[in-house]
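Please read it beside the model.

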Amino acid sequence: MPSALPDGEPVPDDGALPPHALAGAADRPLGFYLHVPYCASRCGYCDFNTYTATELRGTGGVLASRDNYAVTLTDEIRLARKVLGDDPRQVSTVFVGGGTPTLLAAADLVRMLAAIRDEFGLAAGAEITTEANPESVDPAYLAALRAGGFNRISFGMQSARQHVLRVLDRTHTPGRPERCVAEAHAAGFEHVNLDLIYGTPGESDDDWRASLDAALGAGPDHVSAYALIVEEGTQLARRIRRGEIPMTDDDVHADRYLMAEEALSSAGFEWYEVSNWARSEAGRCLHNELYWRGADWWGAGPGAHSHVGGVRWWNVKHPGAYAAALAAGRSPGAGRELLTDEDRRVERVLLELRLRDGVPLSLLREAGLAASRRALADGLLDAGPYEEGRAALTLRGRLLADAVVRDLVD
C-alpha cells in the first residue's frame with residue numbers, strides 16, 4: 001500500500017497560507033502538479049498513492065469515482081486561486097502524474113488544464129506534460145491531448161524485455177512504448193520522454209542494453225533512467241523477503257548506470273540531473289527542474305504535496321476523503337510544515353547537487369566545505385566548476401551522489 005504521510009501542523013479549513021509565503025512570489029515560477037490516483041492494476045514495485053477499482057469499491061461511493069474526478073480536482077484548482085489571492089503569476093509548468101492519468105478520458109485531462117488556464121493563465125511557452133501508460137493511449141487519444149494544449153508526454157517503458165516487465169508487474173507489451181513515441185510525434189508532440197528502470201531482479205546486462213537500444217531507437221528527446229528501489233510494503237519487497245527473487249546489489253546498479261551514460265551520451269543526449277538525459281536544453285523537463293530548484297508548485301489531488309514560499313503541505317490520501325473535503329468547502333490538506341532558513345538551505349544542497357550545474361559552495365557550512373575539498377581530491381566533484389564556486393558532480397560522483405550530498409550537508 002502507499003507509504004504514510006508525514007506529520008505536520010493542521011492546515012486551515014480555507015487553506016490560507018501565512019503572509020510570508022507569498023512575499024516575493026512574483027520573482028518565482030509557479031507550477032501545478034495534478035495527481036490522478038487511479039491504476040488498472042498495481043505494479044509490484046510501486047508505493048505511490050494509487051488505487052485500483054477493487055481497492056476503492058465500497059470506500060467512498062461516487063466521491064471516489066474516476067468518472068467525476070476532473071470535476072473534483074477542478075474544485076481544488078479554484079481553491080488554489082482563492083488561497084493565492086491576487087498573486088500575479090501565470091503558470092509556467094503543469095505536470096499530470098499518477099497513477100495512470102490516461103485512464104481518464106482525454107477530455108478530462110484537457111478540462112483540468114483548462115481550469116488552470118481560466119483561473120491563472122498559462123505563461124508563454126508553458127510546458128504541459130502528462131504521464132501515460134503505453135496501453136492506455138491510441139493515436140486519437142494523443143491527438144485530443146495535443147489539441148487540448150498538452151505539449152509534452154512521458155511514457156512508462158521500464159524495460160524492453162518481457163520477463164523483466166513480468167517481475168515489475170507491468171502490463172504493457174514490449175514494443176508498445178516505442179510505437180507510442182511515433183504516435184505522439186505524429187500527433188504533434190515535440191517533446192517525448194521514456195522512463196526506464198534498471199536493476200530489476202533477473203535483469204541481465206544484455207537485457208538492460210536491449211532496453212537502452214530500444215528506447216533510443218524510438219526517437220524520444222528525453223530519457224529518464226532510475227535504479228529500482230524496493231519499497232517496504234510492496235509486493236516486490238514481499239517476494240524478495242520470501243526468497244522468490246534475488247535483491248540486486250549496488251555494484252550492479254552502478255554498472256547499469258554507466259551503461260546508460262555511455263549509450264545515451266553516444267546518442268547525443270546530455271545528463272542534466274543524475275537520472276535524466278535530454279537531447280537539448282529545450283528537451284529538459286522544466287517541471288522537475290522547478291522541484292529541484294525549490295520554486296513554487298501547487299499539488300492538486302489525493303496525497304499531492306505542495307510548496308509555496310517555504311510552506312510545504314500535503315493532501316489527505318484517499319480519493320473519497322479528498323473529494324468529501326472539497327465538497328464540504330474545506331481544504332483537503334492533511335498537514336503542513338513551515339520550513340526554516342536552515343531547512344531550505346539543506347534542501348537546496350540535497351537537490352541542486354544532483355543537477356549538472358551543481359550547488360553554490362556558498363551554501364555549505366564549514367564542515368560541508370571541508371567535505372567538498374575531500375570530494376574534489378577523490379574525483380567526485382569537477383575541478384572546473386569548483387574553481388568557479390560550485391560543487392558539481394563528476395561521473396564517478398554521480399555514482400556516489402547520495403554519499404556525497406550527506407557529507408556536504410553536515
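Which side chain meets that of Glu 347 in a salt bridge? The partner of Glu 347 is Arg 312, at 2.7 Å from N to O; a salt bridge here is a side-chain nitrogen of Lys or Arg within 4 Å of a carboxyl oxygen of Asp or Glu. The model is predicted, so local features need pLDDT of at least 70 and side-chain atom pairs count only at pLDDT 80 or more, while totals for chains, interfaces and linings use all residues. Residues are numbered from 1 along each chain as its sequence is written, and side-chain values use heavy atoms, with hydrogens and water left out.

- Arg 312 is buried at 18% relative accessibility, whereas Glu 337 is partly exposed at 30% and Glu 347 is partly exposed at 25%. Buried means under 20% relative accessible area, exposed over 50%, and partly exposed in between (1.4 Å probe, protein chains only).
- Arg 256 and Glu 203 form a salt bridge, with their closest N and O atoms 2.6 Å apart. Arg 256 lies in helix H9 (residues 250-266) and Glu 203 in the loop between strand S5 (191-198) and helix H7 (205-218), so the pair ties together parts 53 residues apart in sequence.
- Both ends of that pair are buried, Arg 256 at 4% and Glu 203 at 7%.
- The whole structure holds 21 salt bridges.

**Strand S1**
- Strand S1 (residues 30-36) is largely enclosed by the rest of the structure, because 7 of its 7 residues are buried.
- Leu 30, Phe 32, Leu 34 and Val 36 point one way from S1, and Gly 31, Tyr 33 and His 35 the other way.
- S1 pairs in the parallel sense with S9 (residues 296-300) over 5 bridges and with S2 (residues 91-98) over 6 bridges; pairing requires at least two DSSP bridges between the strands.
- Gly 31 has Trp 297 of S9 as its bridge partner, and Leu 34 has Val 96 of S2.

**Cysteines**
- The structure holds 0 disulfides, a disulfide being a pair of cysteine sulfur atoms within 2.5 Å.
- Cys 180 is buried at 0% relative accessible area, and Cys 285 is buried at 1%.

Technical notes:
Helix = DSSP H or I, 4+ residues; strand = E, 2+ residues; numbered from the N terminus.
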